[in-house]
Amino acid sequence: MNPVGGRISGIRLAALLGAWRRGTRQGAADLAAAVELQVLDGHLPVGTQLPAERELADALGVSRTLIGAALDRLREGGLVASRRGAGSWITAPGGDIIDPALPEREDTIDMSRATPPAVPGMAAAVDAARHLLADELGRTGYTGQGLPLLRERVAARYTERGLPTTPAQVMITNGAHHGFVLALRMLTGPGDRVLVEQPTYPNSLEAVRAAHAIPVPVAMTDEGWDFEGIEAVLRQAGPRLAYLIVDFQNPTGWRMDEAGRERLGRMFARARTSVVIDETLAELDLGNEVAPSPLGSAILVGTSSKSHWGGLRIGWIRASEDILARLSSARFGLDLGSPVFEQLVFAELLTQPARGRREEIRVQRDALIDAVRTYCPEWTFRVPEGGLSLWCKLPEPMSTRLAVAAASHGVQAAPGSRFGVNGGLERWIRLPFAHSPHRLTEAVRRLSVAAASVRDCPGELPVT
Ligand SMILES: Cc1ncc(COP(=O)(O)O)c(C=O)c1O
């Protein structure tokens, strides 16, 4: 096989790998494990051309011998192939393409994704949708902005949440991510800046980069959003677009209050910067307070993925009719609409109360909190009032090393670096509460063992 993908620079690969080193003697093994983690996560697709050994050694501040030994390991494991003159590139064991969504090893607990299973009412909704399908079969199946029934129900939900909305202001998409990609396509071009929170949802960062735009981070603080920081970026960097998650921010769990939303709306209007607000987690409110209203001046992207099931792949965009008309045109370059049956299923699910799911997730959140307090008492966190994840501060910068070690203890984990624009965030780890209490407890127990192994072998200073 020959290299077929893009080339990654030494500096970018170093940023992706984070602080990978676990000990002084295991350098090559740790580096190989860190590269493998990125391959399994889909950040280094098969075919990606790796930097030359010297370039990578310089970027990582290690010797070429260590790089050579790590590459030997990766070649032995079938993850890298090399040829004189062509360099080294990512490959898949046996020559097959590695699926980033590899099935979990039976005993491995996947703590890298915040993706709960389907709600219990799914089977009944599928049955109900089957009956509604009869009416649709005589039509073309191309639903344009989406099935009227579903758009009505999504619009009604916004009106209930305090933002009066008509079906004409709703477009059905294939998930929230799809909605964001559409907005990026419509509003940004190569080289444009996009304001993002730091940390933020990694796939959105990928989407910004894939659009050849430049993410400009504003760090979250111990009190939530840094409004002055946002204002400064608006003034100094002139971003074309901002992407924010104001409801149970992924990964920090913060929710912006009503006053913050109003302030944000004013700031963006003054700067004439468009805003996409990702409402993926908005319905997972585990507290009892009155929820702040959605920000009507923004482009809102939402989804059924967390509230009901990611397998539906149905989401929406809520925006002005004018913006939706432009988004519809941008969409023709990408796809021609969302599947009818799944839209019917979601329309049905929206008639059911969401209370059951929230109760289940609250129990999971509390079990995770108990487990962290029991097994990892030095890790600190703020209890989120909703969403799906606990953003934990570690006692030392070790997140990537912990994730690498966790893999050999049967836990897939998402290190903090994954949520940063240029890596970093090594003091943080995201722990989602999307498993049963029993599994979450076991995952944290294993993580505590992995953390102890990492702290017993503190990282080595780079070889200069
Ligand atoms: C903040 C955020 N946005 C978008 C998504 C993806 O949503 P969807 O499955 O609807 O594309 C996720 C999934 O984890 C998320 O956490």
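This is a predicted model: local features need pLDDT of at least 70, side-chain atom pairs count only at pLDDT 80 or more; totals for chains, interfaces and linings use all residues.

Colleague: Which residues have the most contacts inside the largest nonpolar core?

Modeller: Leu31, Leu60, Leu368, Trp379 and Leu431, in a core of 63 residues. A nonpolar core is a set of buried Ala, Val, Leu, Ile, Met, Phe, Trp, Tyr and Cys residues joined through side-chain atoms within 4.5 Å. Buried means under 20% relative accessible area, exposed over 50%, and partly exposed in between, with a 1.4 Å probe and protein chains only.

Colleague: What is Leu31 in contact with, leaving aside neighbours within four places in sequence?

Modeller: Leu17, Trp20, Leu60, Leu66, Ile67 and Ala70, where contact means heavy atoms within 4.5 Å.

Colleague: Switching to helix α7, how many of its 12 residues are buried?

Modeller: Nine, so α7 is mostly covered. Among them are His178, Phe180, Leu184 and Met186. Helices (H or I, at least four residues) and strands (E, at least two) are DSSP runs, numbered from the N terminus.

Colleague: And what span should α7 have?

Modeller: At 1.5 Å a residue, residues 176–187 should span 16 Å, and the end C-alpha atoms are 16 Å apart, which agrees. The expected span is 1.5 Å times one less than the number of residues.

Colleague: Where is Pro395?

Modeller: Pro395 sits in the loop between β11 (389–393) and α14 (399–407). Its relative accessible area is 25%, so Pro395 is partly exposed. Not counting residues up to four places away in sequence, Pro395 touches Glu378, Trp379, Arg427 and Arg455. Arg427 is 32 residues from Pro395 in sequence, and their C-alpha atoms are 7.1 Å apart.

Colleague: Is Phe332 buried or exposed?

Modeller: Exposed, with a relative accessible area of 63%. Phe332 belongs to the loop between α11 (321–331) and α12 (340–349).

Colleague: Last one, why does Val196 count as buried?

Modeller: Because its relative accessibility is 2%. Val196 is in strand β5 (residues 193–198). Beyond four places in sequence, Val196 touches Leu205, Pro215, Val216, Pro217, Val218, Tyr243 and Val421.

Notes: Residues are numbered from 1 along each chain as its sequence is written. Side-chain values use heavy atoms; hydrogens and water are left out.
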